[in-house]
Amino acid sequence: MFQGERVRDSRRLKNLTLKELAELTGLSASLLSQIERGLVDPTVGTFWKICNALDIPIHQFFQEMQAEQLVVRRAQRRMMELSNANVKYHYLSQNQAGKIQFLLVEIQPGEMKEQELVSHSGEECGLVLQGELTVIYGNQEIHLGEGDSIHFTSTIPHRYINPGNVPSLSVWAMA
């Protein structure tokens with residue numbers, strides 16, 4: 001579950017006002033205030049903008065699991081689900097301090113409300129386990145089916161769409 005007070009705490013640790021964070025993200029100070037107070041859950045694109053502006057990995061804003069473990073049991077996975085999105089991110093790796101995020105991405109059929117492309121440092125590689133996935137990568141649309149994989153630089157604006165009729169499941173490593 002998303003915790004807006006962590007955004008506020010992170011912003012304050014960076015000695016930023018709401019107005020300054022608004023300027024860095026291109027979002028309104030009013031929206032940021034509502035997010036920090038837990039009145040509004042951010043969309044995926046909005047959340048990426050906040051994380052990039054604060055220079056903080058996305059997973060830092062979600063409830064922590066118990067002590068570090070080598071194994072993450074299915075029932076113990078952390079999950080991130082932002083409102084108004086058809087996407088759930090299941091964390092498959094426990095180590096939050098590591099250089100790689102290992103995720104199971106579940107996307108419901110159809111277009112997400114948020115259509116903005118995101119970009120961030122690093123690179124990503126993914127494998128479609130079930131259904132279909134269209135990766136918008138810069139000005140390209142790359143269609144993937146079950147068993148197809150992709151690898152790209154995350155600094156190029158991108159996003160995922162499920163054009164099919166069943167949920168899309170894909171495994172991603174993001175560094």
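How does strand β4 (residues 123–130) pair with β9, and over how many bridges? The two strands run in the antiparallel sense and share six bridges. Here two strands pair if DSSP finds at least two bridges between them, and the elements themselves are DSSP runs numbered from the N terminus: helices (H or I, at least four residues) and strands (E, at least two).

Before going on, a word about what you are looking at. This is a predicted model, in which local features need pLDDT of at least 70 and side-chain atom pairs count only at pLDDT 80 or more, while totals for chains, interfaces and linings use all residues. Residues are numbered from 1 along each chain as its sequence is written, and side-chain values use heavy atoms, with hydrogens and water left out.

Buried means under 20% relative accessible area, exposed means over 50%, and partly exposed lies in between (1.4 Å probe, protein chains only).

Next, look at the inside. In soluble globular proteins, nonpolar side chains tend to be buried together. A nonpolar core is a set of buried Ala, Val, Leu, Ile, Met, Phe, Trp, Tyr and Cys residues joined through side-chain atoms within 4.5 Å. The largest one has 23 residues, and Leu133, Val135, Tyr160 and Trp172 touch the most other members. Two or more residues come from each of α4, β2 (87–91), β3 (101–107), β5 (133–137), β7 (149–153) and β9 (168–174). Among these, α4 gives the most, with four residues. Contact means heavy atoms within 4.5 Å. A second, separate core of 10 residues includes Ala22, Leu32, Ile35 and Ile56.

Now for the helices. Two packed helices are described by the angle between their axes and the distance between the axes. For α2 and α4 the angle is about 110 degrees and the axes are 9 Å apart. Axes are lines fitted to C-alpha atoms, for helices over the stretch in contact, and angles run from 0 to 180 degrees between N-to-C directions. α2 and α4 are therefore roughly perpendicular to each other, a label for angles of 65 to 115 degrees; under 35 counts as roughly parallel, over 145 as roughly antiparallel and the rest as oblique. Leu21, Leu24 and Thr25 of α2 meet Lys49, Ile50, Ala53 and Leu54 of α4.

Leu27 lies in the loop between α2 and α3 (29–36). At 12% relative accessibility, Leu27 counts as buried. Its contacts, not counting residues up to four places away in sequence, are Ala22, Leu32, Thr46, Lys49 and Ile50.

Finally, visit two other loops. Most residues other than glycine have a negative phi. Asn15, in the loop between α1 (4–13) and α2 (18–25), has a positive phi of about 55 degrees. Asp55, in the loop between α4 (44–54) and β1 (79–80), also has a positive phi, near 55 degrees. Asn15 is exposed at 67% relative accessibility, and Asp55 is exposed with a relative accessible area of 63%.
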